[in-house]
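Could you walk me through this protein in my viewer, one selection at a time? I would like to know what to pick next and what I will find there.

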Amino acid sequence: NGETCLAKLMDDDTDAYADISMAFKAASQASAAGIGPKVFAADLAVRTCVMEDLSPEAGWTTATLDRYSDRDTRHAVIAAKKNFHRTAPLGHSTNVFDHVEKLMAKCQSAGAPVPEDVAWLASSVGEARDAIRASGIDQVPAHGDGNVSNVMIASDGAVRLVDWDLAGDMDPFEDLGSFLLEAHDSESDAVESFEAFHGRYDRALFNRAWLYGIADDLRWGLIGALLAGTSRRVTYEFLKFGDWRFLRARMGLRDPRFSEKLGRV
């Protein structure tokens with residue numbers, strides 16, 4: 001009818017870290033709920049999802065860390081995530097800790113360029129996994145991706161969540177944790193966003209979200225390393241992105257308060 005749309009073609013290398021069928025299902029569910037762009041068609045056979053074009057011409061821009069400095073923008077992203085949590089289960093239970101284990105094995109098998117301390121990083125994140133699982137969790141359908149570039153912002157301040165490659169049924173504080181570490185430079189700054197999500201401050205649940213965020217940094221470091229070593233898309237700086245996420249995970253794990261968090265989640 002003359003309107004433009006966006007066709008997202010999933011490269012073969014995304015199979016290394018994503019479930020394409022679940023990504024398309026979550027994108028369609030987000031579309032129906034007004035949380036993501038409208039999905040017009042999704043075809044696994046050709047690995048393509050056709051969506052509404054949220055272009056600058058239509059008043060949309062990709063979120064940046066600078067935009068996250070705005071309180072209203074952060075709250076709009078949090079509200080979108082919470083609204084998706086209220087939709088129907090996706091039927092695919094997932095968590096960052098299991099994902100890290102699988103990615104570690106894939107990186108080892110592929111001889112991916114991981115840092116020398118990757119075993120320590122994974123072992124330390126494993127401590128967070130054990131502490132959180134011992135305390136018990138709930139599960140909700142979730143976006144699961146805290147990367148700022150996977151949020152679109154309209155000229156009127158509305159937001160849409162895009163790229164549902166990590167979506168699944170998970171602990172809601174896992175979904176929050178990846179956002180907190182992306183949007184804030186420090187824990188003290190992140191408290192306000194946590195309160196917007198949970199309604200009040202709870203130290204144990206805040207610790208849980210923060211630990212999830214550290215684990216998410218390790219996950220994306222591993223994804224970056226794996227794609228750097230295996231993807232045919234050599235024009236993308238997968239290793240540079242992965243190294244940055246490894247660094248952020250390392251900073252979180254070396255923080256003197258890490259052990260304190262393990263004891264109260």
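Predicted model: local features only at pLDDT ≥ 70, side-chain atom pairs only at ≥ 80, totals over all residues.

**Stop 1: helix 9.** Select residues 238–254, which make up helix 9. This helix has 17 residues and spans 24 Å from its first C-alpha to its last, close to the 24 Å expected at 1.5 Å a residue. Now color Phe241, Trp244, Leu247 and Met251: together they make a nonpolar surface patch of about 400 Å². Met251 is exposed, with a relative accessible area of 53%.

Next, pick out residues of helix 9 that are buried, including Phe238, Gly242, Arg245, Phe246 and Ala249. To see what covers the buried residues, show helix 5 (118–135), helix 6 (172–183), helix 8 (203–230) and helix 10 (258–262), which are among the covering parts.

**Stop 2: the cysteines.** Search for disulfides and you will find zero in the structure. Select Cys5, which is in no disulfide; its nearest cysteine sulfur belongs to Cys49, 10 Å away. That is too far for a bond. Cys5 counts as partly exposed at 43% relative accessibility, while Cys49 is buried at 2%.

Stop 3: Side chains of opposite charge can pair when their charged atoms come close.

- Select Asp165 and Lys8, whose side chains meet in a salt bridge at 3.4 Å, N to O. Asp165 sits in the loop between strand 7 (159–161) and strand 8 (168–170), and Lys8 in strand 1 (residues 5–9), so the pair ties together parts that are 157 residues apart in sequence. Both Asp165 and Lys8 are buried.
- Select Arg129 and Asp130, which form a salt bridge with their closest N and O atoms 3.0 Å apart. Asp130 is partly exposed, at 45% relative accessible area.
- Select Asp171 and Arg208, joined by a salt bridge at 3.1 Å, N to O. Asp171 lies in the loop between strand 8 and helix 6, and Arg208 in helix 8, so this pair ties together parts that are 37 residues apart in sequence. Asp171 is buried at 2% relative accessibility, and Arg208 is buried at 6%.

**Last stop: a network.** Finish by selecting Glu174, Glu182, Asp216, Asp217, Arg219, Arg245 and Arg248, which salt bridges with shared partners join into one network. Arg245 and Arg248 bring you back to helix 9, where they are among the buried residues.

Technical notes. Residues numbered from 1 in each chain as written. Heavy atoms only, no water. Patch = residues over 30% accessible without salt bridge, like charges linked within 9 Å, V, L, I, M, F, W, Y side chains within 5 Å. Areas by Shrake-Rupley, 256 points an atom, 1.4 Å probe, with all protein chains shown as cover. Salt bridge = Lys/Arg side-chain N within 4 Å of Asp/Glu carboxyl O. Helix = DSSP H or I, 4+ residues; strand = E, 2+ residues; numbered from the N terminus. Buried < 20%, exposed > 50% of the residue type's maximum accessible area, 1.4 Å probe, protein only. Expected span 1.5 Å × (residues − 1). Contact = heavy atoms within 4.5 Å. Disulfide = S-S within 2.5 Å.
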